[in-house]
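Take a look at the protein below. Then read on for a short tour of its chains and of the places where they meet.

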Protein chains: 4
Amino acid sequence: MNALVYNGPGKKAWEEKPKPGIVKPTDALVKIIKTTICGTDLHILKGDVPEVSEGRILGHEGVGVIEEVGNAVTAFKKGDHVLISCITSCGKCSFCRKAMYSHCEDGGWLLGHLIDGTQAEFVRIPYADTSLYHIPTNIDEDALVMLSDILPTGLECGVLNGRVAPGDTVAIVGAGPIGLATLLTAQFYTPAEIIVIDIDENRLAVAKQFGATQAINSSSENATEQIMRLTQNKGVDVAIEAVGIPSTFQLCQEIIGAGGRIANVGVHGKAVSLHLETLWSKNITITTRLVDTVTTPMLLKTVMANKLDAGKLITHRFSLKNIMEAYATFANAAEEKALKIILTND
Amino acid sequence: MNALVYNGPGKKAWEEKPKPGIVKPTDALVKIIKTTICGTDLHILKGDVPEVSEGRILGHEGVGVIEEVGNAVTAFKKGDHVLISCITSCGKCSFCRKAMYSHCEDGGWLLGHLIDGTQAEFVRIPYADTSLYHIPTNIDEDALVMLSDILPTGLECGVLNGRVAPGDTVAIVGAGPIGLATLLTAQFYTPAEIIVIDIDENRLAVAKQFGATQAINSSSENATEQIMRLTQNKGVDVAIEAVGIPSTFQLCQEIIGAGGRIANVGVHGKAVSLHLETLWSKNITITTRLVDTVTTPMLLKTVMANKLDAGKLITHRFSLKNIMEAYATFANAAEEKALKIILTND
Amino acid sequence: MNALVYNGPGKKAWEEKPKPGIVKPTDALVKIIKTTICGTDLHILKGDVPEVSEGRILGHEGVGVIEEVGNAVTAFKKGDHVLISCITSCGKCSFCRKAMYSHCEDGGWLLGHLIDGTQAEFVRIPYADTSLYHIPTNIDEDALVMLSDILPTGLECGVLNGRVAPGDTVAIVGAGPIGLATLLTAQFYTPAEIIVIDIDENRLAVAKQFGATQAINSSSENATEQIMRLTQNKGVDVAIEAVGIPSTFQLCQEIIGAGGRIANVGVHGKAVSLHLETLWSKNITITTRLVDTVTTPMLLKTVMANKLDAGKLITHRFSLKNIMEAYATFANAAEEKALKIILTND
Amino acid sequence: MNALVYNGPGKKAWEEKPKPGIVKPTDALVKIIKTTICGTDLHILKGDVPEVSEGRILGHEGVGVIEEVGNAVTAFKKGDHVLISCITSCGKCSFCRKAMYSHCEDGGWLLGHLIDGTQAEFVRIPYADTSLYHIPTNIDEDALVMLSDILPTGLECGVLNGRVAPGDTVAIVGAGPIGLATLLTAQFYTPAEIIVIDIDENRLAVAKQFGATQAINSSSENATEQIMRLTQNKGVDVAIEAVGIPSTFQLCQEIIGAGGRIANVGVHGKAVSLHLETLWSKNITITTRLVDTVTTPMLLKTVMANKLDAGKLITHRFSLKNIMEAYATFANAAEEKALKIILTND
């Protein structure tokens with residue numbers, strides 16, 4: 001089969017690799033129908049994620065069809081259409097038993113990271129019974145690819161950790177795909193105001209279309225001053241960090257109101273300064289989280305009930321065999337106005 | 001001034017009464033701008049609420065303007081526009097301190113019940129600082145009257161007690177004004193399905209317009225069978241009782257799924273049969289509640305942010321001086337297709 | 001091997017049965033070290049649980065040692081000492097994924113009910129990885145048998161569902177083994193008062209030793225009046241029903257305070273009357289639950305840290321081969337002052 | 001009357017001041033029976049709290065007797081014995097209505113800070129109805145002084161924010177009075193292990209007496225290594241910072257396990273480094289809080305029920321008129337082995 005392979009920093013190729021097979025009785029072999037590229041894949045390609053070894057097939061998102069299952073798999077059979085979760089969960093360890101699959105003792109983020117991933121014609125999925133989800137056959141599978149990672153990440157790390165509630169004023173710092181996924185799922189809880197901050201005018205325009213009540217370009221405006229003005233100096237109830245750098249985390253600290261929640265979604269590469277000298281008495285909560293994908297069943301229900309238009313996040317489509325071109329587009333997201341790219345294994 | 005007075009079972013009149021004044025330093029005198037009639041007022045008129053004495057002015061909902069405040073009132077001054085809460089809260093007792101204003105030791109449901117109410121040109125509001133809410137002057141005051149009682153009741157007793165969550169399947173039994181208020185506020189939490197059950201086709205049609213995904217006429221269909229079929233025999237996640245009779249509470253027990261919540265909103269006049277012989281092992285939760293109106297600030301924010309169209313519940317408008325005619329319309333709600341009636345003190 | 005077999009209503013025998021073996025790759029075969037008898041076993045023997053077929057080996061509690069595991073079992077190996085949970089959990093179905101193992105689609109209460117149980121020399125445990133717990137070898141195994149069912153039941157159905165909190169006034173209706181397990185685990189949360197109600201003086205005396213602050217004999221005193229007097233007519237914060245008959249559930253309704261929680265633990269055989277005509281406005285919560293055993297890891301930690309003296313519940317000890325004598329003692333619990341009986345497979 | 005007056009950095013005196021009187025109708029005048037000195041008072045005396053003006057009477061803790069009440073006070077009358085809360089709450093503003101009294105718009109930490117305090121023969125208490133608590137006359141009033149600040153602070157900022165639960169492993173960094181108050185109240189929730197870290201051997205010895213299961217002297221041992229060893233490299237469930245300097249907050253970050261909570265109690269004077277480069281994926285929660293004193297009623301119940309021995313924290317007693325000597329002792333706490341000092345107005 002063919003797959004997108006990481007060949008060390010800066011090097012990737014669409015090349016032939018052996019078709020995977022069942023290794024353990026709890027495995028499934030899935031033929032990819034649709035997959036996508038994540039910002040994390042670009043980080044890996046830069047060499048920022050050293051635990052990814054050379055030769056690794058990338059990708060941790062996708063929809064597929066079951067090709068074969070191990071003899072301990074009971075929930076799936078050949079021919080079933082499935083959503084692949086970016087997080088592998090054994091279902092048995094103490095973390096899985098408390099719904100913290102991200103820290104599964106024999107799972108977590110494995111696909112396209114510690115084992116071969118989904119940017120391929122076939123992928124082996126460990127612990128299939130607890131890491132795949134049934135999907136109906138008559139559904140828009142492009143949209144469902146958004147449920148592998150980006151939507152549960154925005155929802156769990158941002159919205160749920162931020163405890164977004166009806167009537168709240170929410171700030172989302174960063175309008176990339178994850179920030180926009182956070183914006184879409186924040187609306188499950190009917191906040192009164194959603195202020196989105198970014199430095200890209202196109203993304204801010206998209207944010208307004210997706211439900212932001214205010215869009216602030218922090219490269220041309222003083223975001224802190226603007227937000228304090230919009231909130232009559234009270235600050236926001238929830239500040240969601242969806243970038244991953246010190247200055248955006250700093251902004252969250254500046255705009256958070258007393259009793260507020262700062263929910264970190266961004267992947268950070270260095271320490272930030274936490275201003276306890278002012279925050280110690282402000283009754284705030286700061287959370288971090290690697291997505292657990294515990295909300296996948298709920299997200300599937302909302303998509304199927306037409307309460308969430310997940311497909312909105314898709315801007316480009318390519319054939320899987322043209323993935324090198326797709327990567328070029330995605331790496332140049334600002335100019336290409338790219339959010340999520342669907343790759344079809346046709 | 002003139003007021004609608006309860007003169008004993010079956011007897012009411014729009015008659016002259018002395019204008020109220022400030023009695024305690026925490027009181028406010030409010031000139032009514034808008035008020036409405038509640039189903040509870042009809043119960044009082046039937047003689048079902050014996051603690052209401054003859055001569056009592058009815059009404060516990062409304063919007064008005066401050067005419068005068070006692071010398072301990074600090075949050076309001078003459079000329080302020082206010083929303084009147086149906087629940088009076090002292091802010092000091094142990095119940096108020098735990099946000100259970102309904103059981104306030106010197107408050108609770110007083111207006112139009114134990115003290116004179118809002119179906120009058122003026123009303124005295126005890127504990128004004130903690131029982132009134134500021135409203136902007138440029139807002140649709142008709143819509144805000146819905147925030148005195150009906151919307152917090154649906155939200156608190158039904159939606160919050162039922163813990164409605166994204167993706168849930170919710171059944172609302174009863175599509176009267178309270179059931180419809182529950183339907184509107186349930187959508188704050190993006191359930192996947194909302195099934196409304198009633199025996200009035202008009203109200204079911206309104207429910208569909210208001211967001212119900214299914215409407216079942218239980219006079220012509222077997223509601224239990226229908227719902228079990230719609231839910232693949234799993235039952236619903238949340239069943240909200242908004243009628244107040246044994247048969248509708250029974251229906252909730254029949255359709256509740258394992259792990260589900262039955263939230264009682266209806267005012268009951270007699271005991272019901274609780275089927276613990278089947279429910280003991282179903283991990284269900286049953287709640288009761290007199291509205292606390294703790295959600296009033298949140299509801300005001302959602303209305304002001306255009307996230308809740310509270311005015312939808314209004315079907316008729318009268319001048320306050322024609323309240324006798326309004327009562328006649330409201331008492332004949334099915335034929336008149338009446339939900340909430342706005343009375344304007346013009 | 002030998003086992004205690006249900007041979008139809010009123011008939012049981014300690015008789016020879018084939019030694020079980022591994023049927024599915026997720027099974028374990030456990031050699032029983034210790035087991036016990038539950039009140040439910042007496043109900044089965046009376047014929048009250050019709051789904052138990054003749055020839056069934058009873059028992060759903062115990063501690064043992066792994067004899068053999070199926071090839072998909074990864075967490076246990078021959079020789080491991082294990083605690084057997086009364087609830088079998090597949091770890092994969094939607095109920096298990098939300099920690100509601102009691103309703104596991106391929107598990108739940110199986111042992112000594114729908115499949116052969118633990119009152120035997122050996123027992124087959126389905127879904128071993130998610131239905132057994134490792135225990136250290138140097139621990140009091142008698143005490144741990146209390147963690148198979150009785151302690152998680154009291155804790156989950158009574159204490160957690162009742163949301164017992166520091167400073168609360170709690171009433172526990174029924175001082176049998178389950179009521180006493182509730183009493184022990186309620187103290188995890190430091191309530192101010194724990195009032196225990198029963199009709200057996202010996203059990204009330206035990207309750208006082210176990211931490212009850214008040215003991216009321218409802219056969220000689222008016223429990224409702226007593227409790228209302230003790231609580232200055234406020235009623236209790238939490239009422240836990242640990243009997244399973246209408247009159248004890250009625251008592252809970254009479255003594256519950258505004259805002260209180262009634263947590264049902266008892267197994268009920270018929271409907272009860274729910275007084276919504278008074279409770280509709282009291283802001284109460286009523287819960288039911290079949291134990292999920294989600295608290296087993298927490299209970300193991302508290303026992304190992306000497307924060308819970310689970311062994312206190314044990315009053316009698318027999319050799320497993322003398323189980324018929326043990327049943328006679330347990331069936332005559334009041335006279336024998338029996339709570340829990342340990343049976344040792346020696 | 002006499003009072004302890006702050007006369008600028010480094011200067012304090014027990015001097016004559018005018019007896020306060022009722023200023024607003026919601027005030028009470030309280031004659032002090034007992035008071036104490038807080039570590040915060042030492043900070044003020046150093047000049048670290050610039051908003052404290054010269055001439056201010058210090059102190060924010062105490063028990064007293066009502067001397068006079070304003071005409072809007074309804075819950076208290078002359079002669080009532082009262083506990084004074086360190087936090088003044090108006091009961092009416094949006095923060096008070098959500099139980100966040102620390103941020104009361106007209107209250108919060110006023111006593112001995114923005115208005116005259118309790119280290120005096122008399123003190124004026126604003127918003128008496130919502131800032132004082134009735135206490136019985138036959139109770140140990142020394143112990144109750146611990147409920148003005150130190151015990152609610154440990155409980156709310158440390159234990160509740162840290163969500164301490166049965167079976168948890170908890171680390172408390174700092175065994176000063178606040179750390180020890182945290183230790184006492186953490187036991188309301190029955191954690192399995194409580195590890196206390198300090199650099200003072202005496203305080204560590206006290207911690208062991210008060211219920212710590214491990215005591216680590218971080219001046220002679222590597223606390224991080226020790227704790228990781230004690231927790232089999234999992235880290236702790238809850239880390240409570242009760243010092244207020246970067247190195248202790250750093251320790252909390254090193255020892256927190258995946259899914260854990262860091263609850264900040266300490267008052268910080270400068271920013272700390274937050275290691276998001278490792279914590280971003282650890283699913284942790286960090287909280288800050290100025291005590292709200294919402295738990296005061298609960299603490300009163302636990303003290304009266306003998307579930308909390310608050311008096312344990314008292315090491316020294318002085319007459320109020322000898323407060324200068326008491327300050328000298330408290331300022332030299334390590335050598336004097338001083339925790340809390342009771343000052344009696346005799």
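**Ground rules.** This is a predicted model: local features need pLDDT of at least 70, side-chain atom pairs count only at pLDDT 80 or more, and totals for chains, interfaces and linings use all residues. Residues are numbered from 1 along each chain as its sequence is written, chains are lettered from A and ligands numbered from 1 in the order in which they are written, and side-chain values use heavy atoms, with hydrogens and water left out.

**How the copies are related**

Superposition here is by least squares on the C-alpha atoms of residues with pLDDT of at least 70 in both copies.

Now take chains A and B. Chain A can be laid on chain B by a turn of 180° and a shift of 0.0 Å along the axis, with an RMSD of 0.0 Å. Of the residues of chain A, which comes closest to the rotation axis? A:Y189 does, with its C-alpha at 2.5 Å. Here too, 100% of the interface residues of chain A are also interface residues in chain B, so the copies meet through the same surface.

**Two interfaces**

The size of an interface is often given as the accessible area lost when the parts come together. The table uses these terms. Contact means heavy atoms within 4.5 Å. Buried area is the accessible area (1.4 Å probe) that two parts lose on being put together, summed over both. A salt bridge is a side-chain nitrogen of Lys or Arg within 4 Å of a carboxyl oxygen of Asp or Glu. A polar contact is a pair of N or O atoms within 3.5 Å; within protein, one must be able to donate a hydrogen and the other to accept it, and residues adjacent in sequence count only if both atoms are side-chain atoms.

| Chains | Residues in contact | Buried area | Salt bridges |
|---|---|---|---|
| D and A | 33 residues of D with 33 residues of A | about 2,700 Å² | 0 salt bridges |
| A and B | 15 residues of A with 15 residues of B | about 1,200 Å² | 0 salt bridges |

Carbon and sulfur atoms give 62% of the area buried between chain D and chain A. Between these chains there are 21 residue pairs in polar contact (both at pLDDT 80 or more). The elements that give two or more residues to chain D's side are β13 (256-264), β14 (272-274), α10 (276-279) and β15 (285-287) of chain D. Helices (H or I, at least four residues) and strands (E, at least two) are DSSP runs, numbered from the N terminus. By class, that side of chain D has 14 nonpolar, 14 polar and 5 charged residues.

Between chain A and chain B, 65% of the buried area is on carbon and sulfur atoms. A:P166, A:T190 and A:K307 supply 38% of the area that chain A buries against chain B, more than any other three residues. There are 2 residue pairs in polar contact between chain A and chain B (both at pLDDT 80 or more). Helix α11 (residues 296-304) of chain A gives the largest share of chain A's side, 3 residues. That side of chain A has 7 nonpolar, 5 polar and 3 charged residues. In these classes, Ala, Val, Leu, Ile, Met, Phe, Trp, Tyr, Cys and Pro count as nonpolar, Asp, Glu, Lys and Arg as charged, and the others, Gly among them, as polar.

**Strands**

Two strands pair if DSSP finds at least two bridges between them. One pairing crosses from chain to chain. Strand β15 (residues 285-287) of chain A pairs with β15(D) in the antiparallel sense over 3 bridges. Which residue of β15(D) is the bridge partner of A:T285? The partner is D:T287.

In chain C, an open sheet of 3 strands has the order β2-β1-β4, with antiparallel pairing. Its edge strands are β2 (12-16) and β4 (56-57), each pairing on one side only. Strand β1 (residues 2-6) of chain C is joined to β4(C) by 2 bridges. Within that pair, C:V5 has C:I57 as its bridge partner.

**Two loop residues**

B:K337 is not a glycine, yet has a positive phi of about 50°. B:K337 sits in the loop between α13 (333-336) and β17 (340-344) of chain B. D:N233, also not a glycine, has a positive phi of about 65°. The place of D:N233 is the loop between α8 (223-230) and β12 (236-241) of chain D.
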